[in-house]
Amino acid sequence: MDFNIFMNDVVTQARDEINKAGYKELTTPEEVNNALQKEGTTLVMVNSVCGCAGGVARPAAAHAIHYDKRPDHLVTVFAGQDREATERAREYFEGYPPSSPSFALLKDGKILSMVERHDIEGFEPMEVIGKLQRLFDEYCEEV
C-alpha cells in the first residue's frame, strides 16, 4: 500500500469525525481570525492523526458538548495538515506551547484555558470530557 494514500485516508477520517461532531473546520489563517475574534466563547480542537487524537481527543470533543453549559462556537484546526491555519490559531493561545491534540477555550478572542496533550494522552475519553466540562462550567453559559 502506498503510504500517502494510507495517510490521506487517515486524515480524511480524522477530519470527518470532528466535522460530524459539529465543529467547523478552519483551513486558512483568515478563517481562524474570523472565527476566533467572534464574541462569546469558542472551543478550538487542535486535531491530529496521532492515536490519542483518535482514541481520546476526538471522542471527548464529540461528547463533551452534550452538556448544560457549552461554548458558543466550536471550531477545529488540523496540526500537520493545515499548517498556516494551525499556526495562526496558536498565536491566540498566548502562554501555552504548541500541543496537539489539544483544546483551547477562548472568550472574545482571548485565551481562557487549555487542555493540552499531556492532559489527554494516557487518559480515558471520559476523563477528558470531565476536564472540558469543568471549563464549560467555569466559563460558558447554560444553553
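Predicted model: local features only at pLDDT ≥ 70, side-chain atom pairs only at ≥ 80, totals over all residues.
Reader: Why is D82 called buried?
Author: D82 has a relative accessible area of 13%, and buried means under 20%, so D82 is buried.

Reader: What makes the contact of D82 and R15 a salt bridge?
Author: Their side chains come to 2.8 Å, N to O. The cut-off is within 4 Å, between a side-chain nitrogen of Lys or Arg and a carboxyl oxygen of Asp or Glu, so the pair of D82 and R15 is a salt bridge. Side chains of opposite charge can pair when their charged atoms come close.

Reader: Which parts of the chain does the pair of D82 and R15 link?
Author: It links distant parts: D82 lies in the loop between β3 and α4, while R15 belongs to helix α1, 67 residues apart. R15 is buried too, with a relative accessible area of 18%.

Reader: Is E17 buried or partly exposed, and how do you know?
Author: E17 has 31% relative accessibility. Buried would need under 20%, and exposed over 50%, so E17 counts as partly exposed. Its salt-bridge partner is R58, at 2.8 Å, N to O, and R58 counts as buried at 9% relative accessibility. E17 sits in helix α1 and R58 in helix α3, 41 residues apart.

Reader: What about R117 and E121: how do their side chains meet?
Author: They meet in a salt bridge at 3.3 Å, N to O. The limit is within 4 Å, so this pair also counts. R117 is partly exposed, with a relative accessible area of 27%, and E121 is partly exposed at 44%. Elsewhere, salt bridges that share partners join R15, E25 and D82 into one network. The count of salt bridges comes to five.

Reader: How do you know that β2 and β3 pair?
Author: Six bridges join strand β2 to β3, and pairing takes at least two, so the strands pair, and they run parallel. One place to look is N47, which stands opposite F78 in β3. Between these strands the chain crosses from β2 through helix α3 to β3, and this β-α-β crossover is right-handed.

Reader: And what makes β1 a partner of β3?
Author: There are two bridges between β1 and β3. Because at least two are needed, this pairing meets the rule, in the parallel sense. In it, K24 stands opposite V75 in β3.

Reader: Why is β3 called mostly covered?
Author: Five of its six residues are buried, which means that those five are under 20% relative accessible area.

Reader: Which residues of the largest nonpolar core touch the most other members?
Author: Of its 23 residues, they are Y23, L43, M45, F103, I120, V128 and L132. The elements giving two or more residues are β2, α3, β4 and α5, and α3 gives the most, with six. A second, separate core of 16 residues includes L26, A35, V46 and V75. In soluble globular proteins, nonpolar side chains tend to be buried together.

Reader: How do you know that the reach of α5 is close to what is expected?
Author: α5 has 15 residues and reaches 21 Å from its first C-alpha to its last. The expected span at 1.5 Å a residue is 21 Å, so the reach is close to the expectation. Among the buried residues of α5 are V128, I129 and L132, and its buried residues pack against β2, α3, β4 and β5.

Definitions and conventions. Residues numbered from 1 in each chain as written. Heavy atoms only, no water. Buried < 20%, exposed > 50% of the residue type's maximum accessible area, 1.4 Å probe, protein only. Helix = DSSP H or I, 4+ residues; strand = E, 2+ residues; numbered from the N terminus. Right-handed = clockwise from strand over helix to strand, strands pointing away. Core = buried A, V, L, I, M, F, W, Y, C linked by side-chain atoms within 4.5 Å. Contact = heavy atoms within 4.5 Å.
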